[in-house]
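Open the model in your viewer and keep the sequence panel beside it. This tour says what to select at each stop and what is there.

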Amino acid sequence: AIGMGLVMMAPSVFLPTFLQSVQGLGAIAAGFVLAAISMGWPSASALSPPLYARFGFRDAGLGGCVLVLVSSLAFLMMPRPQPVALVFLDQILLGAGLGFFSTPILVGMQSSVDWGRRGVVTGSHMFSRYLGQSLGAALFGAIFNAALSARLADAPQALAGRLPHDVDAVIGALQSAATEAAVVAYLRLSLGSATDELYVGMSVIAVLMCLVLFIAPRRFPVLEEK
């Protein structure tokens, strides 16, 4: 659940910035692409009961982790610049992975305890997810800023003196009509590179989630109601 919270934060916080600053979308269009994750998630959650009833909670959740990993790698393998339609579909896939992961794991946890402890189990699951989101905002923010700072520091000599001196000024420079075309191109390339680093981090977390699930029993010990 912590891993799920971590993975959610990279696109939730930084994908709109990427779509607006690099792809040139407006705020509404960027928000619509981000909202695609909310299309895949509930659909996958609704379709998951037959899967975990047949294959078990662990294996159904593991399938969701694999989809999260595939969606992260798919973004990295897209042609540059990334077609917006493909990014939209990738968000749907990410949402589907999170849906196929979250519902089986939560229901499996609830099924392994009696009614008196289901509130505790559900609360701990939600707390872990929100903890992951808090950690994810800090982690991916640090990754993004570090990658962007490195690109600014390693800029060609011909551009170095004309680039913003810190990451906080990058968006302002991109929005300014006075910024030279070569500077805009380099800043967009730098933002795209920093976004790629986020998806590399998402891929690593998805792999770790899969490894954690491998440790869990294939069949959760379901408590029979008396």
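A salt bridge here is a side-chain nitrogen of Lys or Arg within 4 Å of a carboxyl oxygen of Asp or Glu. By this rule the chain has 2 salt bridges. Keep the term in mind for two later stops.

Some ground rules. This is a predicted model, where local features need pLDDT of at least 70 and side-chain atom pairs count only at pLDDT 80 or more, while totals for chains, interfaces and linings use all residues. Residues are numbered from 1 along each chain as its sequence is written, and side-chain values use heavy atoms, with hydrogens and water left out.

**Whole chain.** Color by pLDDT, the predictor's confidence in each residue, from 0 to 100. The mean is 85, and 96% of residues reach 70 or more. Next, show the secondary structure: 9 helices and 0 strands. These are DSSP runs numbered from the N terminus (helices: H or I, at least four residues; strands: E, at least two). Confidence is highest in α4, residues 57–77, at a mean of 90. It is lowest in α7, residues 157–160, at 73. Where pLDDT is low, the predicted coordinates should not be read in detail. The C-alpha atoms fill a box of roughly 75 × 30 × 25 Å along the principal axes.

**Select 2–21.** This is helix α1, with 20 residues. From first C-alpha to last it reaches 30 Å, close to the expected 28 Å (1.5 Å times one less than the number of residues). Center on Phe-14: a kink of about 40° lies there, shortly before Pro-16. The bend is the angle between axes fitted to the seven residues ending at a residue and the seven starting there. Of the 20 residues of α1, 15 are buried, so the rest of the structure largely encloses this helix. Buried means under 20% relative accessible area, exposed over 50%, partly exposed in between (1.4 Å probe, protein chains only).

**Select Arg-58 and Asp-59.** Their side chains form a salt bridge at 2.8 Å, N to O. Arg-58 counts as buried, because its relative accessibility is 9%.

**Select Phe-101 and Ser-45.** Phe-101 is in α5, residues 84–111. At 5% relative accessibility, Phe-101 is buried. Its C-alpha is 8.3 Å from that of Ser-45, 56 residues away along the chain.

**Select Arg-117 and Asp-114.** This salt bridge has an N to O distance of 3.7 Å. Arg-117 is partly exposed at 46%, and Asp-114 is partly exposed at 32%.

**Finish at Phe-214.** Phe-214 is in α9, residues 181–215. Its relative accessibility is 53%, so Phe-214 counts as exposed.
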